[in-house]
Amino acid sequence: MRVALVTFATAVMVLRAVVFTEARSPILIVPGLTGSQLYKTWLLDPSISTGLWIGIDDCLDVNSALKDLSLVFNPATGRYQNQSGVDVRTFGFGDTCKTEYLFAHLLQDGTGCDHQLPIMPYFDTMVKYFVEQYPQYYKRGVTIRAAPYDWRLAEDQLQASGYYSRVQSLIETMYRDGGYAKVTIVAHSMGGPVSLFFLNNVVTQQWKDTYINAFIPLSGAWSGGNFALAAVISGGINASGIQHHPLFPSLRKYCHGLPPLALRNAARTFPSVSTLLPKPSVWGKTVLVKTPNRCYTANDYEALFADMNHPLGFEMYTSTSIINEGFPAPNVPVFCFYGTNIPTPETFTYDSGFPNTVPQVMYGDGDNTVNLLSSEVCLDWANQQAQKFRFKTFPGVSHGEMVSNESVLRAIETILLLRQ
């Protein structure tokens with residue numbers, strides 16, 4: 001089935017000879033895990049919000065920051081809440097500034113976009129590319145916008161929070177502001193599943209036919225990523241003698257001496273991480289975790305969580321495992337892009353210190369974060385929907401580079417400038 005799929009390469013070769021002069025589709029950016037700034041407001045003084053993700057306090061007092069980030073799960077109700085006395089939220093919904101850069105600083109004006117510091121870049125290259133290439137059409141806050149979200153939450157909690165209602169209204173506004181042109185959703189990493197849930201569970205087919213030009217997932221974490229396993233087991237991995245923190249790569253880049261177990265304790269409270277654990281339907285009987293006592297597959301999560309003294313983790317997993325179950329096609333034009341040919345953590349081997357020591361790693365194919373098996377889930381949509389489906393791989397382009405690589409941006413440009 002997959003061998004017969006029409007790739008994107010032929011279309012790109014033909015369209016390179018075409019000179020584009022007019023943009024025709026607004027862009028909505030949906031960021032990935034840890035890709036939205038989060039701010040902390042003390043309930044006793046809600047007038048001032050301080051940057052929590054990623055803020056200067058994350059480096060100065062990482063344990064306190066991670067505690068404030070952590071959620072509290074009530075197994076009786078299945079609900080999550082912030083730490084006592086703290087409200088954590090995003091700012092700048094509809095603007096790109098909070099996804100162009102991830103450094104979150106003190107807020108006293110509601111959004112702080114006018115004072116965003118160019119530190120910790122994320123979508124900045126992509127936004128600048130389209131704003132500068134097509135200044136007559138692409139304007140920040142009008143025809144290129146973003147939908148940041150609380151990335152600690154799973155899709156069902158995002159829906160309950162009203163996030164998807166705001167996304168729907170934002171797309172309708174962009175459609176009108178963009179000259180009644182259909183909107184293209186560009187989603188990175190976990191933003192892929194977050195967007196898929198929206199397209200399959202929130203809006204109707206008639207609405208999608210009216211407002212959506214295309215869905216472009218970049219390195220979509222459809223079946224999660226095996227990195228999520230290491231995050232909840234031990235908080236880090238040992239690669240080439242260097243400790244890495246797979247869930248918090250930005251912190252590792254800008255801060256030093258991060259405690260893996262503190263990172264683990266925070267990650268274990270995020271239902272979003274539960275949704276990113278490798279799916280049994282994709283990984284089957286593949287061994288993902290090894291300890292001196294036994295091996296674990298994606299079918300052994302109950303035993304794995306029990307053996308790492310985190311039984312609550314299995315309850316969190318089962319409560320989120322039905323989200324996007326079966327990975328149904330979104331029934332909109334899809335262009336699925338992902339990186340390949342980069343060693344990506346696949347199997348984790350722990351010594352007798354399990355689960356409190358970092359593991360050795362065996363690698364497979366992927367983009368260094370999302371495994372190839374997970375990225376390829378979208379390929380099944382070619383036979384599940386009537387709308388256009390294309391895919392393109394980017395050998396050697398890493399997970400983070402998918403939002404800034406020139407070849408990726410040009411491929412997106414081709415889609416945006418064609419009428420679907």
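## The disulfide

Cys378 is buried, at 0% relative accessible area, and Cys336 is buried too, at 1% (buried means under 20% relative accessible area, exposed over 50% and partly exposed in between, with a 1.4 Å probe and protein chains only). This is a predicted model, where local features need pLDDT of at least 70 and side-chain atom pairs count only at pLDDT 80 or more, while totals for chains, interfaces and linings use all residues. Residues are numbered from 1 along each chain as its sequence is written, and side-chain values use heavy atoms, with hydrogens and water left out.

A search of the whole structure turns up one disulfide, taken as a pair of cysteine sulfur atoms within 2.5 Å. It joins Cys336 to Cys378, S to S 2.1 Å, and with -100 degrees about the S-S bond the link is left-handed. Cys336 sits in strand 14 (residues 334–340) and Cys378 in the loop between helix 17 (372–375) and strand 17 (389–395), so the pair ties together parts that are 42 residues apart in sequence. Helices (H or I, at least four residues) and strands (E, at least two) are DSSP runs, numbered from the N terminus. As for Cys295, it counts as partly exposed, at 39% relative accessibility.

Helix 18 (residues 406–416) has eight of its eleven residues buried, so it is largely enclosed by the rest of the structure. The buried set is Val408, Leu409, Ala411, Ile412, Glu413, Thr414, Ile415 and Leu416. At the N-terminal end, Asn405 does the capping: one of its side-chain oxygens lies 2.9 Å from the backbone nitrogen of Ser407.

Where does Thr125 lie? Thr125 belongs to helix 5 (residues 124–133), and it counts as partly exposed at 32% relative accessibility. Its C-alpha atom is separated by 9.3 Å from that of Glu406, 281 residues apart along the chain. Setting aside neighbours within four places in sequence, Thr125 is in contact (heavy atoms within 4.5 Å) with Ser404 and Leu409.

## Cavities

The whole-structure search finds four cavities of 30 Å³ or more. On a 1 Å grid over the protein atoms alone, a cavity is a set of points where a 1.4 Å probe fits but cannot get out, and lining residues have an atom within 4 Å of a point. Grid points are joined across faces, edges and corners, and a volume is the space filled by probe spheres set on the points.

The largest cavity holds about 80 Å³ of space. Its lining includes Glu155, Met190, Trp222, Lys279 and Asn324, and divides into six nonpolar, four polar and two charged residues. Here Ala, Val, Leu, Ile, Met, Phe, Trp, Tyr, Cys and Pro count as nonpolar, Asp, Glu, Lys and Arg as charged, and the others, Gly among them, as polar.

The second largest cavity comes in at about 60 Å³. Among its lining residues are Val232, Arg268, Phe270, Phe305, His310 and Met316. Helix 13 (271–275) and helix 16 (311–320) each supply at least two residues of that lining, which has seven nonpolar, three polar and one charged residues.

## Thr369

Thr369 is found in the loop between strand 16 (360–364) and helix 17. Its side chain makes a polar contact with the side chain of Asn368, at 2.8 Å. A polar contact is a pair of N or O atoms within 3.5 Å; within protein, one must be able to donate a hydrogen and the other to accept it, and residues adjacent in sequence count only if both atoms are side-chain atoms. Leaving out neighbours within four places in sequence, Thr369 is in contact with Gly225, Phe227, Thr344 and His399.

Note on methods. On a 1 Å grid over the protein atoms alone, a cavity is a set of points where a 1.4 Å probe fits but cannot get out, and a pocket is an open set with protein on both sides within 12 Å along at least five of seven lines; lining residues have an atom within 4 Å of a point.
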